[in-house]
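Hi,

Here is the structure I promised to send over.

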Amino acid sequence: MAFEKSILCIGAGYVGGPTMAMIARKCPQYRVTVVDTNPKRIAAWNSDTLPIYEPGLDEIVKGARGRNLFFSTRIDAAIQEADVIFVSVNTPTKTFGAGAGMAADLQYWEKTARQIREASQSPKIIVEKSTLPVKTALAMERILTATANGVRFDILSNPEFMAEGTGIKDLESPDRVLIGSRETPDGIRARGELVKIYANWVPRERIITSNIWSSELSKLVSNAFLAQRISSINAISSLCEKTEANITEVARAVGMDSRLGDKFLNASIGFGGSCFKKDILNLVYLCRQYGLDEVADYWDGVVRINDYQKERFVLNMLRAMFNTLAGKRICLFGFAFKANTGDTRESPAIYVSRRLLEERAELVITDPRALANAGVDLADTKGEIAFVEDPCEAAAGCDAIAVMTEWGIYATLDFKKIYETMRKPAFIFDGRNILDHQNLFRIGFNVFPVGKPPLTHF
Ligand code: NAD
Ligand code: UGA
């Protein structure tokens, strides 16, 4: 079958795989190819066990793969064939040189730009899908036009707003799709081409366009605002613990104000995930580069509160368990950075585990999807760690349970039975406020929620 258009995505990760699978599903008239330098990842995309866990993803990939969705390592050939190229490579925080620990590491992204330039023989629309510092498109334009081989490139910014765990729903029915372009006739024409692709399934009024710098910046700002709400509620959770106020009641009262809304007000052990921290640090770095130190300090506070919340959780455990954790066995319920994913990047569970090991506690870690990643994340640590799939088995013989991830399954467990198998006094630290605290207390547990008075038997 002759396809209407050839779409390529460079980077077959958490964003590239699902977003392209969705385009392939919704647009059978396009040929969609996803390439990556990592042959193992591509092999997994072509197998029965996809490289990432995302509810609903298997079905979509299996429905389109081999029909109009292809995963490959032949990057140059795919570039040559493509009309539209999405770039969805990783843009982690820089770990070396100027801006280390703050700025975005653009090496993968720049290599891609150069490879596109070298392999292209026909005009292409290049779409920034990765999250990038504002003004990156300018650098991309300069790299792509640095040789006079006459190939025309139009650069667009189309940041991705999907969240892991709800990725398929987010892609199928996004709040908005944002497309930024140069406001020149060519830029506007290219942006129209991308609007046409999304209009295959996204209502037209949800596809918004802007100038390219607004688009790049909007992505960083969206993540910064979302993370800021979590840090705000977490900051207040510490005040609740001192004053006998209850964070759930406060969040409900605040969230019923329609100007504020009730989403993203769940107090927790802190936010994790590969992007919030990285994108805020990137924003902070940008502000400092432009001499806006007050603005940088303001956003930096969001990350500082998040670090404080994780450490506060560990110190609460230490204090509650008689100021020593040495030799105590602690069961972590969950290791993923949120429910419904196996992703553990920047998971607060990593920090908590390392700190508990420093205190010489022994760990038993359970998670329905993230045990393999947990093993990798903690591979360099010293101390005793067991990985156990069944949460009831994992808790047996432990002094405490600490809830790290809000997996629904944890709220349904038989805690009476679990209590009987644990050492006494038995503790529960609910880092996600998902359990029935009164019931746990009645069973005999000493219960420590986030942002609520503890329920203790002593
Ligand atoms: P990821 O690490 O899962 O995937 C990136 C992939 O790019 C990797 O498989 C890597 O091998 C590949 N890659 C790197 N350099 C390459 C090159 N030169 N050629 C071909 N492939 C190359 O990352 P991700 O989570 O998919 O994130 C990608 C981008 O999207 C980041 O900028 C991130 O900030 C942004 N983002 C992520 C999410 C999310 O939910 N994870 C959501 C929105 C935006
Ligand atoms: C987030 C954004 O929600 C997406 O819009 C964005 O595209 C993505 O980052 C990205 O750029 O990577 P994600 O990190 O996948 O998505 O997941 P979120 O649902 O935002 O959760 C992030 C963290 O905040 C998790 O650790 C979660 O448990 C925590 N969280 C969330 C809370 O602690 N409290 C809340 O009320 C909500």
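A quick definition before the notes: a crossing of two helices is called left-handed if the near helix is turned anticlockwise from the far one by less than a right angle, and right-handed if clockwise. Also keep in mind that this is a predicted model.

By that definition, helix 1 and helix 3 make a left-handed crossing. Helix 1 covers residues 16-26 and helix 3 covers residues 57-64, and their axes come within 9 Å and cross at roughly 55 degrees. The two helices are therefore oblique to each other. Who touches whom? On the helix 1 side you'll find Pro18, Ala21, Met22, Ala24 and Arg25, and they meet Leu57, Ile60, Val61, Gly63 and Ala64 of helix 3. Sorted by class, that contact has 8 nonpolar residues, 1 polar and 1 charged.

Next, the ligand. Which residues are closest to ligand 1? They are Gly11, Gly13, Tyr108, Ser130 and Thr131, out of 27 residues that surround ligand 1. Helix 5 (residues 107-119) gives the most to the shell, with 3 residues.

Last, helix 9, which runs over residues 212-243. With its 32 residues, helix 9 reaches 47 Å from its first C-alpha to its last, close to the 46 Å expected at 1.5 Å a residue.

Cheers

Methods: Residues are numbered from 1 along each chain as its sequence is written. Chains are lettered from A and ligands numbered from 1 in the order in which they are written. This is a predicted model: local features need pLDDT of at least 70, side-chain atom pairs count only at pLDDT 80 or more; totals for chains, interfaces and linings use all residues. Helices (H or I, at least four residues) and strands (E, at least two) are DSSP runs, numbered from the N terminus. The expected span of a helix is 1.5 Å times one less than its number of residues. A residue is near a molecule or strand if its C-beta atom, placed from the backbone, lies within 6 Å of it. Axes are lines fitted to C-alpha atoms, for helices over the stretch in contact, and angles run from 0 to 180 degrees between N-to-C directions. Angles under 35 degrees count as roughly parallel, over 145 as roughly antiparallel, 65 to 115 as roughly perpendicular and the rest as oblique. Two residues are in contact if their C-beta atoms, placed from the backbone, lie within 7 Å. Ala, Val, Leu, Ile, Met, Phe, Trp, Tyr, Cys and Pro count as nonpolar, Asp, Glu, Lys and Arg as charged, and the others, Gly among them, as polar.
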